[in-house]
Amino acid sequence: MLIAALVSVTAVAAADERVLISYEATPSLGFDLPKLKTAGYAERAAFSAEVLEKIVPKIVTSIGIDPAVLETEVTPGGYLLKTNASLQTEAALDDATADRLAAAFGYIFHQHSVLVSRLDDSSGSTGFVTVRFPQDTLDATVAQRFFEKADAVEKGLGGGYTAFGDEQIFLNVVDGNGKPYSGLDNAAFLDGLKRTAAAFGPPAPEVSDSGTAAARFIGNDWDKAPKGEDYLARLGGAGSPAVTALGSIATEYAALVSASALHFGWN
């Protein structure tokens, strides 16, 4: 089980500890796609799967990582009561390498942010709750229904989640001062999700785990850094081997976005 959260990591993790990098393949900005905002989950998932096959391995290789050491899948992910297709990359990477990879993903996919996280980290202050569904019953539709139900049970539970297999993971994300955005402490956050699970169904889920997580937020301020300079700085800056390699990958990604926009009617 893997957890994503927006808190600061205070210790440097060893290279043999698993890390999760969470991001979307559909661009958040930089392309004129007025109808992308209303695109359904199936369209976004199909695009994400194509990106996973054609683009992700090249990004990984560009910063000196063997794609064979990574495991990446397309999964539902929720933010502010909306479920979209997301990509989750798991590997045994040290913090510096994980940050570089996150920056490369954020740069190519024009994301505001990418999450780098580790589970059950005692140094973390963000609570997590795992809700487990019966085998093969958790899909994007069920995940969205539970997401909405949780917010109706307790305001503050509609912030975000990550799904893996039949597990939906909710995060009590904190701000820079350690205050949860949800307005709930970890105990109340857990209690609200227990009540939601008890009232939900079919399918009937259960809260299967809870604890704390630690992670960091790798991002770019596109208003102040319109060429992705924040990301590029983590990759050695303009002219570095990694950034040079990413230039051709960015062209391939743009062509894939264009073809998908034509196919799905995102223009």
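Which side chain of opposite charge is nearest to D166, and how far away is it? The views below begin with this residue. The model is predicted, with local features needing pLDDT of at least 70, side-chain atom pairs counting only at pLDDT 80 or more, and totals for chains, interfaces and linings using all residues. Residues are numbered from 1 along each chain as its sequence is written, and side-chain values use heavy atoms, with hydrogens and water left out.

**View 1. D166 in the loop between β6 (160-164) and β7 (167-172).** Strands (E, at least two residues) and helices (H or I, at least four) are DSSP runs, numbered from the N terminus. D166 is buried but has no salt bridge, and the nearest side chain of opposite charge is R132, 7.8 Å away. Buried means under 20% relative accessible area, exposed over 50% and partly exposed in between (1.4 Å probe, protein chains only). A salt bridge needs a side-chain nitrogen of Lys or Arg within 4 Å of a carboxyl oxygen of Asp or Glu; Lys and Arg count as positive, Asp and Glu as negative, and His and the chain ends are not counted.

**View 2. Surroundings of the D166 side chain.** A polar atom of this side chain lies 2.9 Å from the backbone nitrogen of D136, and the side chain reaches the backbone nitrogen of T137 at 3.2 Å. Polar contacts are pairs of N or O atoms within 3.5 Å; within protein, one must be able to donate a hydrogen and the other to accept it, and residues adjacent in sequence count only if both atoms are side-chain atoms. Beyond neighbours within four places in sequence, the residues in contact with D166 (heavy atoms within 4.5 Å) include V131, F133, P134 and L138.

**View 3. Strand β3 (residues 82-92) and its partners β1 and β2.** Nine of the eleven residues of β3 are buried, so the strand is largely enclosed by the rest of the structure. Strands pair if DSSP finds at least two bridges between them. β1 (residues 18-23) runs antiparallel to β3, joined by six bridges, and Y23 has L87 as its bridge partner. β2 (residues 71-79) is also antiparallel to β3, over nine bridges; here G77 is partnered by N84. Two residues separate β2 and β3 in their hairpin, where L80 takes a positive phi near 50°.

**View 4. Helix α3 (residues 95-108) and its ends.** Eleven of the 14 residues of α3 are buried, among them L101, F105 and I108. At the N-terminal end, D94 caps the helix, with a side-chain oxygen 3.2 Å from the backbone nitrogen of A96. H110 follows α3 and has a positive phi, near 55°.

Key:
Expected span 1.5 Å × (residues − 1).
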